[in-house]
Amino acid sequence: MAEIILTIVVEVVKCLAPPAYRQISYLRESKCTGNVQNLKAEVENLKSERVSTQHKVDEAKRKGEEIEENVENWLARANNVIVEADKFTDDEATANKRCFKGLCPNLKTRRRLSKEAERQKEAAVKVREARRFDRISYCTAPEDIRLIFNKDYLPFESRMFTLRNILSALEDPDVNMLGIYGMGGIGKTMLAEEVARKVKSDKLFDQVVFVEVSQNQDIRKLQGEIADKLGLKFHEESESGRANSLFKRIKAEKKILIILDNIWENLDLRVVGIPHGDGHKDCKVLLTARSLDVLSGKMDSRPNFSIGVLNEEEAWNLFKKMAGDYIEGSEFQSVARDVAKECAGLPVSVVTIARALRNKRLFEWKDALEQLRRPSSTNFKDIQQTAYKAIELSYNKLEGEELKNIFLLIGYTAIASIDALLMCGMGLGLFQGVNKMEVARARVRTLVHKLKASCMLLDHISKNEEFFSMHDVVRDIAISIASREQNALTATNEQVGGFREWSDESAVKHYTSIVLHDIKANVLPEVVECPQLKLLFIHADKESSSLTIPNNFFKRMIQVRVINLTYMNLLSLPSTLGFLSNLRALSLCYCKLLDISVIGDLKKLEILCLRGSDIKQLPIEVGQLTWLTLLDLRECRKVEVIPPNVLSNLSHLEELCISRRSFQKWEVEVEGVKNASLEELKHLPNLTSLELDIHDVNTLPRGLFLEKLGKYRIRIGDWYWESTNIWRSEFRLRLNNKICLKDWLIVQLQGIEDLELRKLQEQDVIYFANELVK
């Protein structure tokens, strides 16, 4: 009855006093209810916009990007409006009560609620309409993981004194380059990292850049790492052009410290693009090296600070941290202290032996102490005997011969990737009972993980799990052990110069592995008597890749199972290569190749890697390698011909890699010969891993089935796809507008981990959507 009377009053006011109508209309129940419902609807719209924006913000943060301030502000305003509206609508149900025991409405409350609902609705609309952003986020120079707090760092007094002196020198305006030197494993890198963290926290420099140089200088890589730390993107291809860009970028920093870790020889900073001295007074360079001569003699660094071993108490504190505090105050303490003393204060010795004995039983501790106290029979020149014995003990503690062999293989070959270790290990037959590449790859990852856990391997600086690294000291010891236990020869260009080993038949005959790094001259003999040789690695110097192989070189090494030749001039492979009937793995990465037809004689070959070579034609003889399980043609930019029926003959092939920067002329006629078609891939029953970039969508077969593949990286269309070394189920597609995918290409989408589709027609979008929800 009350609502009927109120309705009549409102209508009368509407006729007699229109200006008052708006105010009195708030008293109507329908008006109040409508305003509240409109508010709820607008808030729901705003919530949807907020969720969408937050998703974009979260995605940008995962990429390491910074969020624009106006985006953050909008989210804050939206949150406030939503919170206020939700509270209002929750309270409205209880506040809108009736007075006079429910006989008539509480008009005052209704009017207030109605007006407030309208006000909040307008606020929600205003915030939602303000959501107009040019961009959500922007890129910044990534934070260097080296400069983040290191929980394993202990502020030893012997290091703090040196640290304070280094910091004082960095504040000296007359010092532009200084250095830290000491033996391998002494802790130079860790101290340099602490210097970086300290100057950053104390704001002594506006920018700090930390990069590793390592033994084999790679100027382009070094330039790239410094640029990454500074957020610089190169547009130049030449080293000199990149150096100019880097020089300008560094000059733009008012005060900058550049730390170059692990210098082995003279490094021309101008070639890299690093200004210092008169070029930029406030650009200072800190170097670390094993040799004082490298710092003061070759780099003209002043002052230079020597790093010595830890004192006994410091070594014990580090030992406890690595082995576990349980050893103190227990039956282990006495023997543990003696073990720590045998490490002689060398941090790498302390860490490796302590972790090797962590959670071991007392008799194992006592046995380790006895082994450490025995003098080593090896004359190890590059490191103290105590450090050698400590790391050798860690090697002896590795579980099983398989793990030990993999550790030594990584050490004396300098292999640094899962792919390379897989090919070499499979070729040598190191994985007992493993015949499938997919199973072997899992085994390799497991072994690498175990070596990292034992501190015999390190994470790669990139944190990419496809790569790993080994401490220089640990590598030296691995080389020494392999030389003694496996008759493995490892030599550099300087050592090969005037090499007497080739003529010392008694020594050469016993070698099971020969590894030659950075060879610059043609030092190889015509023939080598190596009846026991199983592995041959020859890595030519990249800048002078004219190294060739004599024709009879392989004549007397018929037991060899793995050959890895890199950056070599092999226009015609030696005919004696065909004599190697036991060869299982052949890698010719980044070699100059012309005629490789002789590989057709290698009937037992299982792995063929031509990555980065400049071969123009895959010979038809490859089709005779019916036991081939892996074929790698990535980065073969010049290959134009793959004859038909070559790939389809490889019935045992399990892994095939043909990347975008490689072969693209499927079914194209070249010099009178029509190239292979993608249809041939259907005739590979054992194919489980495929990397394929297809430029011309029209060459796709009428049925591309992925369900039998365990992992793949397939990218289709004329587009630039960023490359990655991480194997995962990846499918990317970019069509042109004239092609309808659904009518002629069937794709099994289940299992895809990384999917990207562009320029699809409407029917294709519906097709893919249906496939994804199956």
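Predicted model: local features only at pLDDT ≥ 70, side-chain atom pairs only at ≥ 80, totals over all residues.
A residue counts as buried when its relative accessible area is under 20%, as exposed when that area is over 50%, and as partly exposed in between, using a 1.4 Å probe and protein chains only. Residues are numbered from 1 along each chain as its sequence is written, and side-chain values use heavy atoms, with hydrogens and water left out.

Let us stay with Glu 68 and look at its partner. The side chain of Glu 68 meets that of Arg 135 in a salt bridge, with N and O 2.5 Å apart; the term stands for a side-chain nitrogen of Lys or Arg within 4 Å of a carboxyl oxygen of Asp or Glu. This pair links distant parts of the chain, 67 residues apart: Glu 68 sits in the loop between β1 (66-67) and α4 (69-95), and Arg 135 in the loop between α5 and β4. Here helices (H or I, at least four residues) and strands (E, at least two) are DSSP runs, numbered from the N terminus.

Arg 131 forms a salt bridge with Glu 49, and their closest N and O atoms are 3.3 Å apart. Because Arg 131 lies in the loop between α5 (107-129) and β4 (137-138) while Glu 49 belongs to helix α3 (residues 29-62), the pair ties together parts that are 82 residues apart in sequence. Glu 49 is partly exposed, at 24% relative accessibility.

Further along, Lys 320 and Glu 328 join their side chains in a salt bridge of 3.0 Å, N to O. Lys 320 is buried at 12% relative accessibility, whereas Glu 328 is partly exposed at 37%. Salt bridges also form a network, which links Asp 419, Arg 441, Asp 632, Arg 634, Glu 655 and Glu 691. The count of salt bridges comes to 32.

What about the cysteines? The count of disulfides, meaning pairs of cysteine sulfur atoms within 2.5 Å, comes to 0. Cys 589 is in no disulfide, and its nearest cysteine sulfur, that of Cys 609, is 3.4 Å away. Cys 589 is buried, with a relative accessible area of 12%, and Cys 424 is buried too, at 3%.

Now to the strands, where two strands pair if DSSP finds at least two bridges between them. Strand β6 (residues 207-212) has 5 of its 6 residues buried. It runs parallel to β7 (residues 256-263), joined by 6 bridges, and Glu 212 has Asp 261 of β7 as its bridge partner. Strand β12 (residues 488-492) is likewise mostly covered, with 4 of its 5 residues buried. Its parallel neighbour is β13 (residues 513-519), with 5 bridges between them; here Leu 489 is the bridge partner of Ile 514 in β13.

We finish at Ala 336, found in helix α13 (residues 333-342). Ala 336 is buried, with a relative accessible area of 0%. Leaving aside residues up to four places away in sequence, Ala 336 touches Trp 316, Phe 319, Ile 327 and Trp 365, where contact means heavy atoms within 4.5 Å. Trp 316 is 20 residues from Ala 336 in sequence, and their C-alpha atoms are 8.9 Å apart.
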